[in-house]
Amino acid sequence: MSQQSVLYDAPGPRAKRVTLIASAVIAVLVAAGAYFLVYRPLDEQGQFDMELWGPLIDPSNEVFSQVWKLLGQGFQATLTAAALAIVSSLVVGTALAVLRVQLKATMKRRFVHHSRPTAIALRTLTLVLNGITRFCVEVFRGLPVVITIFFVASALPDLGVDLGRILWYLVIGLTLYNGVVIAEILRSGMEGLPGGQREAAEAIGLSSFATIRLILLPQAFRIMLPALISQLIVVLKDTSLGFIISYEEVLKQSQTVILNLENPIQVYALVALIYILVNYALSKLAEYAQRRMSRGRKTGTLRKAKDQPPAALAADLTPPAKL
Amino acid sequence: MSVLVEHFDVFVGGFWLTFQLCVLAAIGALILGTIVAVMRISPVPPLRWIGTAYVTVFRNCPLTIVFFFAAFGLPALGSNADFLRIPGLSSIFSRLGIDLPYFRFAIIALSVYTAAFVCEAIRSGINAVPPGQAEAARAIGLTFSQNLRLVVLPQAWKSAIVPLGSVIIAMIKNSALAGFFGLTGDLSNSAQNLTSAGGEPIIPVFIGIGIGYLIMTVPFGLFLDRVERRRAVAAR
C-alpha cells in the first residue's frame with residue numbers, strides 16, 4: 001500500500017480490469033505509432049542498414065575502431081571542459097556568494113569607529129560593490145549561455161587576449177553563467193538558514209566574515225548539495241555548446257564521423273544515449289544526496305514524516321528541474 | 001557604438017523573431033508538459049512509464065542534440081513540421097507559413113525539450129498540495145479526473161507558478177540556440193551575421209543582443225522573485 005497514490009483508490013476488480021484493458025490498448029497504439037510514424041519512414045530510407053550502424057556497433061567493422069577513437073577523443077574533450085568549468089564555477093560561485101553575503105552584512109554597519117570621511121567612503125564602496133555584483137548576477141543569469149560563449153570566443157581575441165586553445169573560451173563562457181548560478185544557489189542556502197545560526201556565531205564573538213566562512217557556508221553547501229549536483233548536469237549538457245565555437249568536443253567529432261560515413265541520425269542517437277545515461281546517473285546521485293540529507297536531519301524527522309508527499313507521487317520526485 | 005544605431009532595425013527584428021519563437025514554444029511546452037505531467041500521475045501504468053521515459057530522455061539530453069534531431073531527423077521522417085501551419089496562427093506569426101521550416105523546427109525542439117521541465121514543475125506543484133485535499137475529494141466520491149481537475153490542479157497551479165516561470169526563462173535563453181541551427185534573423189543569428197560576416201565591432205553588438213535577451217528575462221525574473229516573496233510572507 002505504500003506505493004498507493006492519494007489521487008485514486010486502491011483498484012478493485014473492475015478498476016483493475018479497466019486498467020489492464022487501457023494498458024493493452026495504449027501499448028498497441030504506441031507500438032503502432034512507433035512503427036508507422038518512425039520505423040517505417042526510417043526503414044524506407046534504409047536508416048537501419050548495417051552499412052550505417054555497423055561502424056558504430058559492430059566491432060568487426062573495419063572503421064569501428066577509428067570511429068570510436070574519434071568519439072572517445074570527443075568525450076574526453078567534453079569531460080575535460082566540463083571538469084574545468086565545474087571547478088572554476090564552484091570557485092567563482094563560492095567567492096561571489098561569500099562576497100554578496102558579506103556585503104549585505106557590511107551594509108548594516110555604521111563604521112562608528114572610523115572618522116567620518118572614511119566611514120562615508122567605506123559605505124559608498126560597499127554600496128557600489130553591492131550594486132556591481134547584483135548587476136553582474138542579473139546580467140549573466142539573464143543572458144543565454146550560447147551567446148556568452150560565442151562572444152567570449154570572439155571578443156577576447158579581438159581585445160588582444162589570446163588564450164591559445166578554444167577550450168579556455170568555452171570554460172570561461174560556462175563559468176560566467178554557472179558561477180553566477182551557483183553563487184545564487186549558495187546565497188539562498190545561506191539566507192535560508194535559521195537566524196539563530198548567525199546570531200549564535202555573532203554572540204560568541206565571530207566577525208561577520210568568520211561567521212560566513214565557518215558557520216553559514218559549510219551548512220549551505222550541505223543543504224544545497226542536490227541543487228549543486230543538478231547544476232553539474234547542466235554544465236555537462238552545456239559543454240555540447242562548444243561545437244558552436246569549434247571546440248573538439250563529442251558533437252564536433254561526431255560531425256567529422258558524419259562527414260565521412262553520412263549517418264547523422266545513427267551517430268547522434270548514440271551520442272544522445274551516452275549523454276542520457278551519464279546524466280541520469282548524476283541525477284540519481286543528486287536524489288541519493290537529497291535522501292541522505294533528509295535522513296541526516298534528526299531534529300526534523302517528526303515533522304518531515306508528516307509532511308511527506310503521497311508515496312506514489314514522491315516515489316521518483318527528482319531535485320528541482322534545471323534546464 | 002554606432003553599430004547599435006545603424007543596425008537598429010536588425011536588433012529590433014531579431015528581438016521580435018526571438019520573441020515570437022519564445023511565445024509559440026512556451027505555448028507548445030506548456031500544453032505538452034501538462035499532458036506529460038498528467039500521464040505521469042495517471043492510474044494506467046504504461047502511461048506513467050511513457051511519461052517517465054519522456055522526462056528522463058529530454059531532461060538528460062543536451063538541447064543541442066534535440067535541435068539536431070529536429071533539424072535533421074524530422075526531414076528524415078518525411079515531415080517538414082507542416083502541422084504547425086495552423087491557418088489563424090500563421091497569419092499572426094508569419095514565419096510559420098514560410099517554406100524554410102527552421103522556425104517550425106526550432107519551435108518543436110524547444111517545446112519538446114522544455115515540456116520535460118514543465119512536467120516536473122507541475123508535478124512539484126501537485127506534490128505541494130496537502131494530501132488531505134485529494135483524500136477528501138476521493139472521500140466524497142470524485143473520480144480521478146474530477147479529483148485532478150477540480151481539486152488538485154487548481155491548487156497545484158499556485159505553487160507551480162514560480163518553478164514554471166523559471167522554466168520559461170530558461171527556455172527564452174535556450175531559444176538562442178535556434179540561430180545556430182538555421183533560423184535566420186533571430187537575435188543570436190543577427191549576432192553572428194553582424195560580427196562574423198558583417199565585420200562589425202564585437203562589444204557593441206554584444207551589448208545590443210544582450211539587451212534584447214535581458215528585456216525578456218530580467219523583468220520576468222524580478223516579477224517571479226516578487227511572487228515568491230509574497231507567497232513566503234503569506235504562508236507565514
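How many residues does the contact take from chain A and from chain B?

1. Extent of the contact. The model under review is predicted. In it, the contact draws 61 residues from chain A and 65 residues from chain B. The size of an interface is often given as the accessible area lost when the parts come together. Here the area buried between chain A and chain B is about 5,200 Å², and carbon and sulfur atoms give 73% of that area.

2. Between chain A and chain B the count of salt bridges is 0.

3. Elements on the side of chain A. The side of chain A that touches chain B receives at least two residues from each of α1 (13–44), α4 (116–142), α5 (145–158), α9 (225–238), α10 (250–261), α11 (264–296) and α13 (311–314) of chain A. The largest share comes from α11(A), with 10 residues. By residue class, this side of chain A divides into 40 nonpolar, 13 polar and 8 charged residues.

4. Two or more residues of the patch are given by α6 (166–192) of chain A and by α10 (202–235) of chain B. The element that gives the most is α10(B), with 4 residues. A:Leu163, by contrast, is located in the loop between α5 and α6 of chain A.

5. Architecture of chain B. Chain B contains 10 helices and 0 strands. Its order along the sequence is accordingly written α-α-α-α-α-α-α-α-α-α. Taken along the principal axes, the box filled by the C-alpha atoms of chain B is roughly 70 × 50 × 35 Å.

6. Salt bridges in the structure. Over all chains, the structure holds 11 salt bridges. One pair that forms a salt bridge is A:Arg134 with A:Glu138, whose closest N and O atoms are 3.4 Å apart. The two residues are separated by about one helical turn, because A:Arg134 and A:Glu138 are 4 residues apart in helix α4 of chain A.

7. Surroundings of B:Gln192. B:Gln192 belongs to helix α9 (residues 187–197) of chain B. Which residues does B:Gln192 contact, leaving aside its neighbours within four places in sequence? Within chain B these are B:Gly179, B:Phe180 and B:Ala197, and from chain A there is A:Phe150. B:Gln192 and B:Phe180 are 12 residues apart along the chain, and their C-alpha atoms are separated by 8.5 Å.

Notes:
Residues numbered from 1 in each chain as written. Chains lettered and ligands numbered in written order. Predicted model: local features only at pLDDT ≥ 70, side-chain atom pairs only at ≥ 80, totals over all residues. Heavy atoms only, no water. Contact = heavy atoms within 4.5 Å. Buried area = accessible area lost by both parts, 1.4 Å probe. Salt bridge = Lys/Arg side-chain N within 4 Å of Asp/Glu carboxyl O. Nonpolar A, V, L, I, M, F, W, Y, C, P; charged D, E, K, R; others polar.
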